[in-house]
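Colleague: I'd like to go through this one with you before I set anything up. Could you show me the model, and then I'll ask things as they come to mind?

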Amino acid sequence: MASARRLALEEGIFCGISSGASVAAAIKVGSKPENEGKLIVCILPSFGERYLSTAMFDELKSQCEVRLPNHAQCPRSGKKRLISAGKNFLKN
């Protein structure tokens, strides 16, 4: 998880745990003396959105949390909806 978190914070690459592990392995392989000057390719197999609600991004989420109004009007239906500040969806 540390590598994925670091990629998000330092490189702006929003990836998942598997991708972080892949990058950590590529760094380890690339740092060996026999690989000096060689191109190391790493595939990032996972995205980070599924990990937003996990411990991986708790610290970052608390730093970036935005205060939203308690209710907002839905542009399509005109109904008032309760907004959940930590989620990307509207609750009824």
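Colleague: Glu-10 first: is that residue buried or exposed?

Modeller: Keeping in mind that this is a predicted model, Glu-10 has a relative accessible area of 52%, so Glu-10 is exposed, the cut-off for that class being over 50%.

Colleague: And which side chain does Glu-10 meet in a salt bridge?

Modeller: The partner is Arg-6, and the N to O distance between the two side chains is 3.1 Å. Arg-6 counts as exposed too, with a relative accessibility of 53%. The two residues lie four apart in helix α1, which means that about one helical turn separates Glu-10 from Arg-6.

Colleague: How many salt bridges does the count come to?

Modeller: The count comes to one salt bridge.

Colleague: OK, what about the packing of α1, so at what angle do the axes of α1 and α2 cross?

Modeller: The axes of α1, which covers residues 2–11, and α2 cross at roughly 90 degrees and come within 7 Å. An angle from 65 to 115 degrees counts as roughly perpendicular, so α1 is described that way relative to α2. On the α1 side the contact is made by Ser-3, Ala-4 and Leu-7, while α2 contributes Ile-17, Gly-20, Val-23 and Ala-24.

Colleague: Changing topic, where is Ser-46, and what does it touch?

Modeller: Ser-46 sits in the loop between α2 and α3, and, leaving aside residues up to four places away in sequence, Ser-46 touches Cys-15, Gly-16, Ile-17, Ser-18 and Ser-19. One of these, Ile-17, also takes part in the contact of α2 with α1.

Colleague: Is Ser-46 buried or exposed?

Modeller: Ser-46 has a relative accessible area of 12%, and because buried means under 20%, Ser-46 is buried.

Colleague: And Leu-39, buried or exposed?

Modeller: Leu-39 lies in the loop between α2 (17–30) and α3 (58–64), and Leu-39 counts as exposed because its relative accessibility is 76%. Together with Val-41 and Ile-43, Leu-39 makes a nonpolar surface patch of about 400 Å².

Colleague: Last one, the overall picture: in what order do the elements run, and what share of the residues count as buried?

Modeller: The protein has three helices and three strands, in the order α-α-α-β-β-β from the N terminus on. Of its 92 residues, 18% count as buried, and the accessible surface comes to about 7,300 Å², with 54% of that belonging to carbon and sulfur atoms. As for contacts between residues at least 6 apart in sequence, 38% of them join residues at least 24 apart.

Conventions:
Residues are numbered from 1 along each chain as its sequence is written. This is a predicted model: local features need pLDDT of at least 70, side-chain atom pairs count only at pLDDT 80 or more; totals for chains, interfaces and linings use all residues. Side-chain values use heavy atoms; hydrogens and water are left out. Patches are made of residues with over 30% relative accessible area and no salt bridge: like charges are joined within 9 Å, nonpolar side chains (Val, Leu, Ile, Met, Phe, Trp, Tyr) within 5 Å. Accessible areas come from the Shrake-Rupley method with a 1.4 Å probe; for residues, only the protein chains shown count as cover. A salt bridge is a side-chain nitrogen of Lys or Arg within 4 Å of a carboxyl oxygen of Asp or Glu. Buried means under 20% relative accessible area, exposed over 50%, partly exposed in between (1.4 Å probe, protein chains only). Axes are lines fitted to C-alpha atoms, for helices over the stretch in contact, and angles run from 0 to 180 degrees between N-to-C directions. Angles under 35 degrees count as roughly parallel, over 145 as roughly antiparallel, 65 to 115 as roughly perpendicular and the rest as oblique. Contact means heavy atoms within 4.5 Å.
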